[in-house]
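Here are my notes for you, point by point.

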Amino acid sequence: MLTYTAGWPLHTHPTQEHLRQWLSDPLTEDTLIAGLVLLAWMLWLLIAALTLRTTVTRAAATIRRLRRLPLPTPMQATATGMAGAAALWAPTTTATTTDAPPALTPTSTGEHLPQTADAGVDVPGGWIPADTAHQIAAAGTLVWLRRRRLYRPPPPGQPRDDSDLTALPPTVTAVQAALADTPPTPAIPLRIPTGGIGLTGPAATDAARGILLTTLLQALRDPTRPTTVVTSRTDLHTLLGPHTLPLHDLPGLTVTNTHADAISTVTHPHHPGAAPPMLLTHAPTESDAAARLAAALTHTQGVLIGSWTHGPTWHITTDGHVGRGTGGRRTRLCVLTATAARDLLAVLTPTPTTPQAVAVPRQRPPAPTPPPEPSPPKLFTLRVLGNPTLWAAGTPVTIGRTAALQILVALSIYPDGATTHDLATMIWPGLARHTTARRLYTTLSDLRKDITATGLPHPIAHTDDRYHLHHEHTDVDLWHLNAAIDRATTALTHHSHAYQAVIDHYTGDIAANHMWPWLDPIRENIRRHMIDAHTALATNTPDPYTRLHHLQNALRLDPYNEHLHHQAADTLTALGRSQDADGLFTRYYQRLSDAGITPTS
């Protein structure tokens, strides 16, 4: 095309005479010009080739997307017990699509392969299908609801035990962060054929961990007819490593002492209405042992790590795909490393009862400092309690990126600032560090453009590799609340006034309309301070009606707390309103059941 439009790069075709002249005097004006022209033509050829290659790649990807079948209409990922918790989470999945049918190994058959959509979430140490990822996010929410339920305000003068306010395992938070804005997907059950399947390939053990997790989540989702996974202690330690959590109380899992006990358990007659159990173990290498195991699995599901001569064998590639073929759609299974599997199983285990705090004499606090002189109005006003909003000179600032909003909220929580690594890990858990650093710099650049468009200076400073808000330019509602909490904690007199000041400064949860997993411990810490303030006012008042009013306000902050319900019910009973007390617990138990928490009484 260039030759047709611009002509040949040289005026004439090179001849032998031209070659002899060039060898005798190579650096003439004509040869330099010709060399530059030829170099420009080579660059043009390179650009044209890259453009053509990119166009062909995009066209092929577009054709593949058009050929994909649409997924069913999104519905709740977790029914029955986990429905209430799943509604609290909406998550960005990293979708991966391939167009390949299950290519089978010579010993495998395609009739039992699970037909799952190849869309899911990449996490450190594996890949999780979308519906399983939503169930994990819901299970993580249940962990925090259980912690809220068990919290008991400390007695006056005693320290508060916040040992349970720890973040969830990194793999769980990575899943929750990836699913921040994605609706739940339909749950696709994993069907394992009777007679057993073998798992081979580089990710066979990873796929066995994924099948274990997926099956246990199905048992939680449908407790009326769960599939019980039966395995031996040796197999479980081989899968999860020496630091395996105590999983004996996990619904849907039976761990036996020996391999023979596991086989005996699955062959034992089970209830007619219950789902058949599934054996998870390693495939025997001896032919006699394999024949005995095949007879035991005649009417039972089995997942056997290794080649299985008495049934289908699935070859699992490193990324979880079944088979080696390259044509058509290929099935992809959940694959997890031992660390990732332990992280995810940790949120499924029942939460142990929180131990009571050890009584420690309260130290005499220092004398309170006098209130500071009124300061002039600040240039920026940041409100993070409730719906986070930044105001510049009284005008709300439109912030284009959700990550930018997270940065502002994070810097309000940490007034002393946070490093680049801290912010990037907080907002994008599970992603590579070089990727999150680029995202952070891009987000901060866009945030600077959003703010400086108002004509005011940027409220975020960068000092000693730490980002922080300019305290002299920014007013933050959370800072006032924290100051009120500190005054109430150290107050020697006028406790009721100090606790009331805490309540007056509270206008809602931090970023109440956003589900960012890194915020959970901080939200719960603030919520506990508010419960402490309300219960302290209720304890210090002799009037039962005023006491009931404070307890009802505390219940509005946390309708899942069991101790508050007992206190409110006792107060109602003392007022002669036993029927109202019974109704309070009836509604409470129904709320727990809707969230997937089994009431204790």
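1. A term to start with: accessible areas come from the Shrake-Rupley method with a 1.4 Å probe, and for residues only the protein chains shown count as cover. On that basis the protein exposes about 31,300 Å², and carbon and sulfur atoms supply 59% of that area.

2. Some ground rules. This is a predicted model, where local features need pLDDT of at least 70 and side-chain atom pairs count only at pLDDT 80 or more, while totals for chains, interfaces and linings use all residues. Residues are numbered from 1 along each chain as its sequence is written, and side-chain values use heavy atoms, with hydrogens and water left out.

3. Now the overall inventory. The protein has 20 helices and 16 strands; these are DSSP runs numbered from the N terminus (helices are H or I, at least four residues; strands are E, at least two). Of the 601 residues, 45% count as buried. Buried means under 20% relative accessible area, exposed means over 50%, and partly exposed is in between (1.4 Å probe, protein chains only).

4. How many residues of helix α11 are buried? Seven of the nine in this helix, residues 338–346, so it is mostly covered. They are Ala338, Ala340, Ala341, Arg342, Asp343, Leu344 and Leu345. Note that Arg342 and Asp343 are on that list, and both belong to the charged class (Asp, Glu, Lys and Arg; Ala, Val, Leu, Ile, Met, Phe, Trp, Tyr, Cys and Pro are nonpolar, and the others, Gly among them, polar). The buried residues pack against several elements, including α5 (130–150), α7 (204–221) and β9 (335–336); contact here means heavy atoms within 4.5 Å.

5. While you're at α5, find alanine 137, which lies in that helix. Buried or exposed? Alanine 137 counts as buried, at 0% relative accessibility. Its C-alpha atom is separated by 9.8 Å from that of alanine 178, 41 residues apart along the chain.

6. Next, look at α17 (residues 520–540) and α18: their axes come within 8 Å and cross at roughly 170°. That makes α17 roughly antiparallel to α18. (Axes are lines fitted to C-alpha atoms, for helices over the stretch in contact, and angles run from 0 to 180 degrees between N-to-C directions. Under 35 degrees is roughly parallel, over 145 roughly antiparallel, 65 to 115 roughly perpendicular, and the rest oblique.) By class, the contact of α17 with α18 has seven nonpolar, five polar and two charged residues.

7. Arginine 527 deserves a click of its own. It is found in α17 and is buried, with a relative accessible area of 8%. Leaving aside residues up to four places away in sequence, arginine 527 touches Arg148, Asp509, Leu557 and Asp558.

8. Carry on to α18 (residues 544–557) and α19 (residues 562–574), which pack at an angle of about 155° with their axes 10 Å apart. That makes α18 roughly antiparallel to α19. Among the residues that meet are Leu548 and Leu551 in α18, and Leu564 and Ala568 in α19. The contact divides into eight nonpolar, three polar and one charged.

9. Last, compare α13 (residues 420–427) with α14 (residues 433–452). Their axes come within 9 Å and cross at roughly 100°, and α13 and α14 are therefore roughly perpendicular to each other. Thr420, His421, Leu423 and Ala424 in α13 meet Arg433, Thr436, Leu440 and Tyr441 in α14.
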